[in-house]
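Morning, everyone. Please get the model up on your screens. I'll take it piece by piece.

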Amino acid sequence: MKRALHQHLVARKLGADAATIGRTGGDSGTFSPPTSVLGHADHVGTGPTTQPCSARPFDEMPGPKGLPLIGSLMDYTPLGPFRLKKLHESFFERYRQFGKISKETIGNKRFVSVYDPHDIETLFRTEGPNPSWMQLMALGEVRKRLGKSLGMINETGEKWRQLRYAAQSKLLNPKNVCCFVPILDDIAQGFVENMRVGRTATLEPSIDMDAELRKWSLESVVSATLGIRLGCLQTNRQIPDKDTEDLLESSDAFLETWPTLELGPPLYMLYPTKTWRKFLRANEQWLSAAGRIIDRSLDSNGSQRDPLQPEVTLLEHIVTRKELTPDDIVMIITELIFAGIESTAVAMTYNLYTMAKNQAVQENARREVNAVVGKGGKITHDALKSLKYVKACIKETFRVFPVFSMRNRILDREIVLSGYRVPPNVIIRVLSHVTGQLPEYVPEPDRFAPERWLRDDTSMPKPHPFAVRPFGVGSRSCIGQRLAEQELTILLAKMVQQFHIECDGEMDQIFNIANKPDLSGTFKFTELLN
Ligand code: HEM
């Protein structure tokens with residue numbers, strides 16, 4: 001990374017002018033949470049913040065009794081009812097057993113599980129400016145052993161704020177994010193072309209669709225953060241790009257090993273287990289490939305830049321931030337790229353599936369796309385604003401197939417939730433996967449009904465505003481939300497515009513850091529003649 005450091009210093013000098021560009025939104029030090037591109041204000045609501053002092057003590061909160069010292073840990077081992085791959089089912093089961101709030105000790109950790117959107121609102125109103133969540137221990141440990149900084153995902157307090165604020169104006173400020181639209185349209189078109197040519201006579205993809213989607217999301221996030229094209233989706237490439245291969249391979253190995261290390265007993269702290277060694281290698285491979293593409297971006301000068309790219313990339317923007325070390329800068333970029341691959345790719349699979357299984361919805365979405373951009377037209381920023389039904393389909397898909405089943409927060413003070421006093425330092429789990437299925441908060445949850453998210457639609461009652469928040473809420477919500485929403489809207493619009501989508505199987509989910517699609521059948525894509 002010596003070279004990266006050198007480049008970083010050069011870029012700092014060159015980037016002096018750029019420092020003033022894009023200094024809006026999150027850079028000011030006061031962060032306004034984003035209004036979702038999907039058209040729903042993600043700002044914190046107007047519910048009560050003061051708590052009645054008559055609240056019941058924590059001890060009275062329902063929950064599994066568990067054993068001394070280890071609590072209900074056994075429930076999550078092969079001897080108990082829950083499986084790691086289906087951990088989200090345990091969240092539904094606890095709701096059935098104990099209702100909308102429960103407490104549970106698992107090993108040496110104390111959790112409170114929250115299902116009521118009023119509590120979710122209260123929690124995010126109380127979390128303060130530097131929210132904390134449960135550290136990802138295995139990730140923290142690997143970074144420590146590799147001598148790297150913790151990064152935005154694991155940092156807390158002022159350091160987190162520094163890393164986050166450096167990056168968020170480029171990713172959350174609507175003016176900056178709309179610059180990504182032409183390039184995302186081009187990347188999505190590349191995916192569509194590959195789907196068109198890569199089909200069998202029975203119209204099933206003969207190419208690996210999951211792999212293609214991961215290339216699409218990698219290409220999109222690299223282009224948005226570094227301003228370079230990897231060319232992942234080019235079919236005419238003779239030799240596959242080594243950096244792309246390394247990034248995809250290591251992120252695969254990372255996702256395969258991480259859940260066991262993060263959710264199972266931390267044996268890796270005692271000795272280097274096989275899973276740990278694989279995880280360590282994946283991290284090394286990932287960091288060195290990410291370092292090389294950062295170098296590539298720093299090496300490219302204005303004349304080599306793709307004309308569709310914004311003038312100042314996120315990388316060029318953060319290298320001007322004097323408070324960041326070179327290690328911080330590399331870590332911000334590598335985390336953004338990593339967080340942006342799997343999450344968006346799996347979300348797209350779920351969207352293709354819900355389209356396939358809801359033909360009338362698919363037809364409505366197609367009608368909207370054809371009315372807004374015409375058959376085969378490009379998706380512009382203005383068009384994107386008008387694709388309201390497509391965006392509602394994406395939001396509804398997140399409700400039914402969330403990419404993340406839970407989020408969590410750790411507060412440094414007491415909070416009252418559902419009438420119980422929750423002490424500081426308890427891990428408060430927000431289980432939106434379940435909340436999105438509860439009829440008291442989302443009417444007719446068994447119906448796939450995108451119209452429930454349309455502001456002007458009066459055909460059905462609106463869900464509780466805090467019931468479905470796929471990107472989280474507040475100052476620690478997903479920094480890539482706008483980018484991900486743009487990517488998904490553009491690609492989904494193009495897919496329904498150009499194909500009739502069907503699927504002969506059923507979709508299930510495997511619990512993972514990002515929930516993995518588990519599809520029993522295959523998709524079929526029939527090209528629509530324009
Ligand atoms: C469909 C796609 C995505 C989904 C569903 C998603 C969802 C989330 C969620 C739920 C969180 C935690 C929020 C909270 O606790 O309140 C999060 C955090 C985060 N996401 Fe995403 N995300 C997606 C795409 C992306 C992309 C494209 C990027 C990068 C450009 C990204 C980068 C991050 C980072 C760095 C964090 C940690 C933020 C922090 O600690 O301040 N995500 N995401």
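Helices here are DSSP runs of H or I with at least four residues, strands are runs of E with at least two, and both are numbered from the N terminus. Now the ground rules. This is a predicted model, where local features need pLDDT of at least 70, side-chain atom pairs count only at pLDDT 80 or more, and totals for chains, interfaces and linings use all residues. Residues are numbered from 1 along each chain as its sequence is written, and side-chain values use heavy atoms, leaving out hydrogens and water.

Back to α4, residues 137-145. Which of its residues are buried? Ala138, Leu139, Gly140, Glu141, Val142 and Arg143. Buried means under 20% relative accessible area, exposed is over 50%, and partly exposed lies in between, with a 1.4 Å probe and protein chains only. Those buried residues pack against α9 (242-263), α10 (274-299) and α12 (326-357).

Next, the sheet. Four strands form an open, mixed sheet, ordered β1-β2-β6-β3. Two strands pair if DSSP finds at least two bridges between them. At the edges sit β1 (101-106) and β3 (407-410), each pairing on one side only. Inside, β2 (109-114) and β6 (427-430) run parallel over four bridges. Phe111 stands opposite Ile427 in β6.

Last, Cys478. The loop between α16 (432-435) and α17 (481-498) holds Cys478. Cys478 counts as partly exposed, because its relative accessibility is 32%. Beyond neighbours within four places in sequence, Cys478 contacts Arg164, Leu172 and Phe471, contact meaning heavy atoms within 4.5 Å.
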